[in-house]
Amino acid sequence: MYDIIIIGAGPAGMTAALYALRANKKVLVFEAKSYGGQIVNATKVENYPAIDEISGYDYATNLYNQVKNMGAEFKFETVERVTEDKKVITNNGEYQAKAVIIATGAENRKLNIDNEQEFVGKGISYCATCDGTFYKDKIVAVNGGGNTALEDAIYLSDIANKVYLIHRREEFRGEQKYTDELKSKSNIEFVLNSTIKTINGSDKLESITVEDKDGNTKDIAIDGLFIAIGQEPKNQIFANVATVNDKGYIDAGEDLHTNIEGIYVAGDTRVKNLRQLTTAVSDGSVAATQAIKEMK
Ligand code: NAP
């Protein structure tokens with residue numbers, strides 16, 4: 001029997017573990033892949049208060065070592081189901097807790113075309129604020145039409161020589177104020193009603209082929225491609241113990257408990273406006289504190 005089982009060893013989950021361990025609770029953390037979550041992909045973290053600069057990998061490793069040394073148990077198993085009575089079923093067994101914190105994060109949506117995964121770190125990125133700096137005075141493209149893509153294009157236009165903004169429709173889903181700002185930038189070119197058909201290059205990205213709605217294709221030579229087509233949380237397995245909205249995010253109030261007693265949610269996987277390292281660790285501390293307070 002564990003006091004708290006945490007699902008997901010990203011910053012939110014591991015911060016929840018930290019707070020629970022400081023309250024002397026017995027903690028088990030499940031992680032399907034490797035610790036760290038999305039932050040390990042950040043080349044540099046420069047927006048974490050009081051830390052000038054740290055790599056995402058170092059940040060995650062420091063946090064992992066910290067909670068492990070404090071006594072957290074980690075199991076690298078895939079959670080398949082959670083029951084209302086706080087039983088967690090994985091691909092390897094069944095575990096009982098008094099409280100469960102869901103901190104499974106969200107994954108960047110993929111284009112799912114050839115070369116996409118092979119060229120990650122070789123011209124393809126899902127995070128402009130992490131990797132934009134590598135494209136100083138180069139030519140880049142951003143794909144997407146939501147706030148993330150629009151903000152990324154604005155951000156990159158101050159670093160790169162030229163930014164193509166490729167979107168599958170005429171209208172942007174993102175806010176008008178970003179569109180207005182984009183239009184005022186001389187080095188941004190809109191490529192609308194277009195989708196990326198192929199990613200081309202030998203051992204790194206060299207160009208993309210886009211197709212417009214009439215079926216016309218063209219090649220665009222670029223050094224970097226930032227894919228910003230939304231996130232995909234994977235929360236359907238928690239639909240019996242949490243309210244999962246139509247986009248797959250879990251809804252929770254300020255105290256982060258779900259509609260089931262003893263079950264909480266933290267980090268990018270919940271409905272929120274700002275998905276950042278700072279807000280993930282904040283959620284982890286709130287969820288664990290609430291779980292401890294309400295523990296029977
Ligand atoms: P999003 O709002 O879901 O937008 C995703 C964009 O990608 C859409 O334009 C969509 O096109 C396009 N897209 C989706 N799948 C695609 C595919 N397979 N191929 C090509 N294009 C595809 O995602 P987001 O921009 O990451 O934002 C997520 C949430 O965070 C939103 O609620 C957003 O407002 C919020 N956010 C807020 C801020 C801010 O307030 N400053 C900043 C960033 C994010 P369609 O439009 O055609 O569907």
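Buried means under 20% relative accessible area, exposed means over 50%, and partly exposed lies in between (1.4 Å probe, protein chains only). This is a predicted model, where local features need pLDDT of at least 70, side-chain atom pairs count only at pLDDT 80 or more, and totals for chains, interfaces and linings use all residues. Residues are numbered from 1 along each chain as its sequence is written, and side-chain values use heavy atoms, with hydrogens and water left out.

**Exercise 1. Find the disulfide and classify its two cysteines.**

Step 1. Apply the rule: a disulfide is a pair of cysteine sulfur atoms within 2.5 Å. The count is one disulfide.

Step 2. Name the pair. Cys127 and Cys130 form the disulfide, with sulfur atoms 2.0 Å apart.

Step 3. The angle about the S-S bond is 75 degrees, and the link of Cys127 and Cys130 is right-handed.

Step 4. Classify each partner. Cys127 has 22% relative accessibility, so Cys127 counts as partly exposed. Cys130 has 11%, so Cys130 counts as buried.

**Exercise 2. Describe the shell around the ligand.**

Step 1. Set the cut-off. A residue is near a molecule if one of its heavy atoms lies within 4 Å of it. The ligand is surrounded by 15 residues. The closest are Thr148, Glu151, Arg168, Arg169 and Arg173.

Step 2. Sort by class. Ala, Val, Leu, Ile, Met, Phe, Trp, Tyr, Cys and Pro count as nonpolar; Asp, Glu, Lys and Arg as charged; the others, Gly among them, as polar. The shell has two nonpolar, seven polar and six charged residues.

Step 3. Find the main contributor. Helices are DSSP runs (H or I, at least four residues), strands are too (E, at least two), and both are numbered from the N terminus. Helix α4 (residues 147-157) gives the largest share of the shell, three residues.

Step 4. List polar contacts (pairs of N or O atoms within 3.5 Å). An N or O atom in the side chain of Asn147 is 2.9 Å from an oxygen atom of the ligand. For Glu151, a polar side-chain atom lies 2.8 Å from a ligand nitrogen atom. For Arg168, a polar side-chain atom lies 2.9 Å from a ligand oxygen atom.

Step 5. Alone, the ligand exposes 910 Å², and the protein buries 72% of that. These areas come from the Shrake-Rupley method with a 1.4 Å probe.

**Exercise 3. Which residues does Glu84 touch, leaving aside its neighbours within four places in sequence?**

Step 1. Locate Glu84. Its place is in the loop between β4 (79-82) and β5 (87-90).

Step 2. Look for contacts (heavy atoms within 4.5 Å). Glu84 is in contact with Asn240, Val241 and Ile260, neighbours within four places in sequence left aside.

Step 3. Check one partner. Glu84 and Ile260 are 176 residues apart along the chain, and their C-alpha atoms are separated by 6.7 Å.

**Exercise 4. Examine the positive phi values of Asn24 and Leu256.**

Step 1. Recall the background. Most residues other than glycine have a negative phi.

Step 2. Take Asn24. Its phi is near 65 degrees. Asn24 sits in the loop between α1 (11-22) and β2 (27-30). Its relative accessible area is 69%, so Asn24 is exposed.

Step 3. Take Leu256. Its phi is near 65 degrees. Leu256 sits in the loop between β18 (250-251) and β19 (263-265). Its relative accessible area is 1%, so Leu256 is buried.

Technical notes:
A polar contact is a pair of N or O atoms within 3.5 Å; within protein, one must be able to donate a hydrogen and the other to accept it, and residues adjacent in sequence count only if both atoms are side-chain atoms.
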